[in-house]
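Try each task before you read its solution.

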Amino acid sequence: MERKKLEELRAIYTDYLAWELAGACRGVSSMEGGAVYAAAYVLLKAQSVEDVQLYTLDAFVESSGISESRAFFIKECLQNNWHGIAAMKDNFDNDTLLAFLLYNEGGSKLGSESTPNSVIRLAGELMGIKPGDRVADFGTGKGAFIRECFAQQPEAIYYGDDINTVACEVASIRAELLGGSITIVQEDIMDMKDAQQKFDTAFANYPFGLRAKDAFGSNYDSFKEFTRINPEFARTVSLDWLFNKKVLDSIEGTRRAVCIMTNGSTWNTLDKEARTSFIENGCVEAVIALPNNLFSYTPIGTVMVVLSRD
């Protein structure tokens, strides 16, 4: 999708569509946070794909040519109110549906909040994304970072992952609509399916307030082995620095990784050893203080840390 078209879609007001679809889906979906996106996607397909059938959900799946995972998502979201959604097929025009799917962030029901666009723009500038770059967005959520960077550099190769099922489906829908080379994978960054996968540059806005041991769950032996190899993480440090290590380890060469982390992790005692390791190895280019209350879901102070092995 071209940049001019994306800017036109960004300007379209879509909250009324969100309210109408939310009203139709409320109380009837096991994935309520994603149901409005599933409904908008169905209505968009009904308008843009020839001979799509809406008389039953199964007929839609068969006639629309959607993937197995997308079909599962839509069934989980809409199976209890299919006819109510299908009856809305003429309520919204094509561009409004596109604008909603690409730009409406849907509040907190998805369990993942989007990174503010101002932060994304700054991170993108620091990363210096070029045509052909392999760009990772770890913890992509609904894919806002990839969407904004794609608008600026559509010829890069984008990879996003997230542990949240609904967020991944929304990000995948956005990837489909944007076109280009965008891959969305559901996974935990700490357990990437291809640990050897490398990127030219990367971004991460991971969950705040977690501890390093949380990354290993109940597998204490794995944590013990990890800390034997990486003794700087032996104490109960915040997961911020463990995420930072994972992100930096994914970079091939001397390009930058940009991560959003809690302010406390830059100075507290518990994180000192991990923090010192990054600094002494020349991996921290800059730490940028972000404004208070930048994220609507938490008052925790945050910073942007710029990492590299230059």
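**Exercise 1.** Sort the residues that line the largest pocket into nonpolar, polar and charged.

*Solution.* Step one: the lining divides into 15 nonpolar, nine polar and eight charged residues. Here Ala, Val, Leu, Ile, Met, Phe, Trp, Tyr, Cys and Pro count as nonpolar, Asp, Glu, Lys and Arg as charged, and the others, Gly among them, as polar. Before you go on, note that this is a predicted model, where local features need pLDDT of at least 70 and side-chain atom pairs count only at pLDDT 80 or more, while totals for chains, interfaces and linings use all residues. Residues are numbered from 1 along each chain as its sequence is written, and side-chain values use heavy atoms, leaving out hydrogens and water.

Step two: look at the middle of the pocket. Of its 32 lining residues, Gly139, Asp162, Asn205, Tyr206 and Pro207 lie nearest the centre. (On a 1 Å grid over the protein atoms alone, a pocket is an open set of points with protein on both sides within 12 Å along at least five of seven lines; a cavity is a set where a 1.4 Å probe fits but cannot get out; lining residues have an atom within 4 Å of a point.)

**Exercise 2.** Find which residues line the largest cavity.

*Solution.* Step one: pick out Gly143, Ile146, Ala171, Arg174, Ala175, Leu178, Ile182 and Ile184. Step two: sort them, and you get six nonpolar, one polar and one charged. Step three: H10 gives the most to this lining, with four residues. (Helices, H or I with at least four residues, and strands, E with at least two, are DSSP runs numbered from the N terminus.)

**Exercise 3.** Work out how the ring of Phe199 pairs with Phe138 and with Tyr159.

*Solution.* Step one: the structure holds 11 aromatic pairs. (Rings of Phe, Tyr and Trp, the last by its six-membered ring, pair if their centres lie within 6.5 Å; planes under 30 degrees apart are stacked, over 60 edge-to-face and the rest tilted.) Step two: Phe138 and Phe199 have ring centres 5.9 Å apart and planes at 80°, so this pair is edge-to-face. Phe138 sits in strand E1 and Phe199 in the loop between E3 and E4, so the pair ties together parts 61 residues apart in sequence.

Step three: Phe199 is buried, at 2% relative accessible area. (Buried means under 20%, exposed over 50%, partly exposed in between, with a 1.4 Å probe and protein chains only.) Step four: the ring centres of Tyr159 and Phe199 are 5.3 Å apart with planes at 40°, so that pair is tilted. Tyr159 belongs to strand E2, 40 residues from Phe199.
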